[in-house]
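Thanks for asking me to take a look at this one. My notes follow as numbered points, to be read alongside the structure.

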Amino acid sequence: MSDVILQNSDGPAIPIHAYAESEAAAALDAAPAFVKAFAALSEFKGKAGQVLVAPDAEGAMASVWFGLGAS
């Protein structure tokens, strides 16, 4: 049986995305410019084990991107 760990959340859900290396560039092209720039600074390419915590326009956490590596 599963136990409920969190009944309610005080904030919005944070989307989590997982991308293979072959998908990462297209996903970043579709992302807002500041996310694309942040990913470039972080050298996020979708490689296995890479994690990018992407900000919103105000700098708060907006989404999490995981690299899956070669597909």
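1. A term to begin with: a residue is called buried under 20% relative accessible area, exposed over 50% and partly exposed in between, with a 1.4 Å probe and protein chains only. By that cut-off, 27% of the 71 residues in the chain are buried.

2. Please keep in mind that this is a predicted model, in which local features need pLDDT of at least 70 and side-chain atom pairs count only at pLDDT 80 or more, while totals for chains, interfaces and linings use all residues. Residues are numbered from 1 along each chain as its sequence is written, and side-chain values use heavy atoms, with hydrogens and water left out.

3. The chain has 2 helices and 3 strands, taken as DSSP runs numbered from the N terminus (helices H or I, at least four residues; strands E, at least two). Read from the N terminus, the order is β-α-α-β-β. The radius of gyration of the chain is 14 Å, well over the 11 Å of the globule rule for 71 residues, so the chain is more spread out than a compact globule. Here the radius is taken over C-alpha atoms, and the rule is 2.2 Å times the number of residues to the power 0.38. The C-alpha trace spans about 40 × 30 × 15 Å along its principal axes.

4. The 3 strands make an open sheet with mixed pairing, in the order S1-S3-S2; two strands pair if DSSP finds at least two bridges between them. S1 (16-20) and S2 (51-55) are at the edges with a single partner strand each, so one side of each has no neighbour in the sheet. On average, neighbouring strands are turned by 25° against each other, direction ignored.

5. S2 and S3 (residues 61-69) run antiparallel and are joined by 5 bridges. Ala 54 has Ser 63 as its bridge partner in S3.

6. Both helices pack on the sheet: H1 (residues 21-30) touches S1 and S3, at about 125° to the direction of S1, and H2 (residues 33-42) touches S2 and S3, at about 145° to the direction of S2. Axes are lines fitted to C-alpha atoms, for helices over the stretch in contact, and angles run from 0 to 180 degrees between N-to-C directions. Contact means heavy atoms within 4.5 Å.

7. Which loop holds Gln 50? Gln 50 lies in the one between H2 and S2, and is buried, with a relative accessible area of 18%. Beyond its neighbours within four places in sequence, Gln 50 contacts Glu 43, Phe 44, Lys 45, Trp 65, Phe 66 and Gly 67.
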